[in-house]
Amino acid sequence: MTLVLGLESSCDDSAVALVSHDRQILAQAVVGQAEAHRPFGGVVPEIAARAHVDVLPGLIRQVLHEADVTIGEVDAIAATAGPGLIGGVMVALLAGKGLSLAAGKPLIAVNHLEGHALSPRLVDPNLDFPYLLLLTSGGHCQLLEVRGVGDYRRLATTIDDAAGEAFDKAAKLLGLPYPGGPAIEELAVKGDPGSVPLPRPLVGSAEPHFSFAGLKSAVQRAVASGAHRSEDIAASFQQAVVDCMVDRTARALESSDAPALVVAGGVAANQALRGALAKLAADNGRRFSVPPGWLCTDNAAMIAWAGAERLGRGLTDSLDAPARARWPLDPAGESVRGAGVKA
Ligand code: KG4
Ligand code: ZN
């Protein structure tokens, strides 16, 4: 059995996991920082980096202890090397390099987005390449054709905010705590999704790109008007995001004959989105795959798994692998006019 230790610290979750090449998760731990960032309504990079330094070494010891495995029995160390908040990215990457050097094990510098992109394969052994992936998280919203490990073709991206960012901003406008996605989903259950008229940016447009900035402004106006209940705004906002995602993904399906539709990343934890995309896949005769919620939001099992996939193909990295703030999965993906800095 090949064992890979995964380390993650690119945003506001410190995480460690030990995963085998045959899809067993021997142990894992995630420590979030939501409390530390809550007063600021978003992630503060300096606070995040310091918290990762405090937490990560203990998590490594804890995971190895729980799995009853020594570092000498691990076959490789996989650490997120970007993209993300650079101070945080460096914490897991340097820890990974230190372990790699000390234990004489190969290092795998994992792209966090590849972690999300391959995460469905950790729990769905029958999910083969290629598949059409909606990757939707706090910093990204992309449609990609996943052709193999390290082989991605980007079909679309957001021209402004990421979907998770839109959830977080809408939540802030509604006075809900960070992170906004789960808070909006919870409130939306009590609201009427058809009650507040909100736009569906880019719906119907030829290219399958996304846009969420206008939706956020409309939420701002709806809140300011005082005419609506918060739960109705939350439900209507969530419905608008889901409608946009379904329309844009449907458009991408027209230009991809990949047999499966997959959704991953933090926003994929949203039940309304999962249900709508499952229906879209069925209507289009595609297989549908989505990881469980805990594997959608940031975690290290997906990093260890991406490491196992790369190790299995002989893809390891040297100790001078750089930490990267930006690291697109498809380097050929052309920049989109008006695209935000988080592309
Ligand atoms: O993948 P992730 O954990 O971190 C990044 O790599 O960005 O995604 C975090 C994002 C946040 O914006 C959060 O509000 C959103 O995912 N999110 C959700 C839900 N759970 C997390 N959005 C909608 N519904 C949810 N249930
Ligand atoms: Zn993520």
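**Bridges, zinc and fold**

Colleague: Let's start with E309: which residue does E309 form a salt bridge with?
Modeller: A salt bridge here is a side-chain nitrogen of Lys or Arg within 4 Å of a carboxyl oxygen of Asp or Glu. For E309 the closest N and O atoms are 3.3 Å apart, and the partner is R313.

Colleague: Of that pair, is E309 buried or exposed?
Modeller: The classes are buried under 20% relative accessible area, exposed over 50% and partly exposed in between, with a 1.4 Å probe and protein chains only. R313 has 44%, so it is partly exposed. E309 is down at 4% relative accessibility, which means it counts as buried.

Colleague: Which pLDDT do side-chain atom pairs need to count?
Modeller: Some housekeeping: residues are numbered from 1 along each chain as its sequence is written, chains are lettered from A and ligands numbered from 1 in the order in which they are written, and side-chain values use heavy atoms, with hydrogens and water left out. This is a predicted model, where totals for chains, interfaces and linings use all residues, local features need pLDDT of at least 70, and side-chain atom pairs count only at pLDDT 80 or more.

Colleague: How many salt bridges does a search of the whole structure find?
Modeller: As a reminder, side chains of opposite charge can pair when their charged atoms come close. R229 does this with E231, at 3.5 Å between the closest N and O atoms. The search of the whole structure gives 17.

Colleague: R287 and D124 form a salt bridge too; how many residues apart are they?
Modeller: Their closest N and O atoms are 3.0 Å apart. Helices (H or I, at least four residues) and strands (E, at least two) are DSSP runs numbered from the N terminus. R287 lies in strand β10 (residues 287–289) and D124 in the loop between α4 and β6, so by those definitions the bridge links distant parts of the chain, with a separation of 163 residues.

Colleague: Which one of that pair counts as buried?
Modeller: R287 is partly exposed, because its relative accessible area is 33%. At 12%, the buried one is D124.

Colleague: Now the metal: which residues coordinate the zinc ion (ligand 2)?
Modeller: Donors are N, O and S atoms within 2.8 Å of the metal (3.2 Å for Na, K and Ca), and water is not among the atoms, so sites may look incomplete. In sequence the donor residues are spaced H-x3-H-x181-D. At 2.0 to 2.1 Å, the zinc ion is coordinated by H112 (NE2), H116 (NE2) and D298 (OD).

Colleague: Where in the chain do H112 and D298 sit?
Modeller: Both of them are buried. They are 186 residues apart: H112 is in helix α4 (residues 112–123), and D298 is in the loop between α10 (293–296) and α11 (301–312).

Colleague: Which elements do the buried residues of α5 pack against?
Modeller: In helix α5 (residues 163–173), the buried residues are A163, G164, E165, A166, F167, A170 and A171. Contact means heavy atoms within 4.5 Å. The packing partners are β6 (131–136), β7 (141–148), α6 (180–188), α7 (213–225) and α8 (230–254).

Colleague: What is the radius of gyration of the protein chain?
Modeller: It is taken over C-alpha atoms, and the globule rule is 2.2 Å times the number of residues to the power 0.38. The chain has 11 helices and 10 strands, and buried residues make up 52% of its 343 residues. For that length a compact globule would come out near 20 Å, so the chain agrees, at 20 Å.

Colleague: Which peptide bonds are cis, and where is P179?
Modeller: Most residues other than glycine have a negative phi, and most peptide bonds are trans. One exception joins F129 and P130, with omega about -5°. The peptide bond from Y178 to P179 is also cis, with omega near -5°, and P179 is in the loop between α5 and α6.

Colleague: What is the relative accessible area of D68?
Modeller: D68 has a positive phi, near 55°, in a residue other than glycine. Its place is the loop between α2 (45–67) and β4 (76–82). D68 is exposed because its relative accessible area is 68%.
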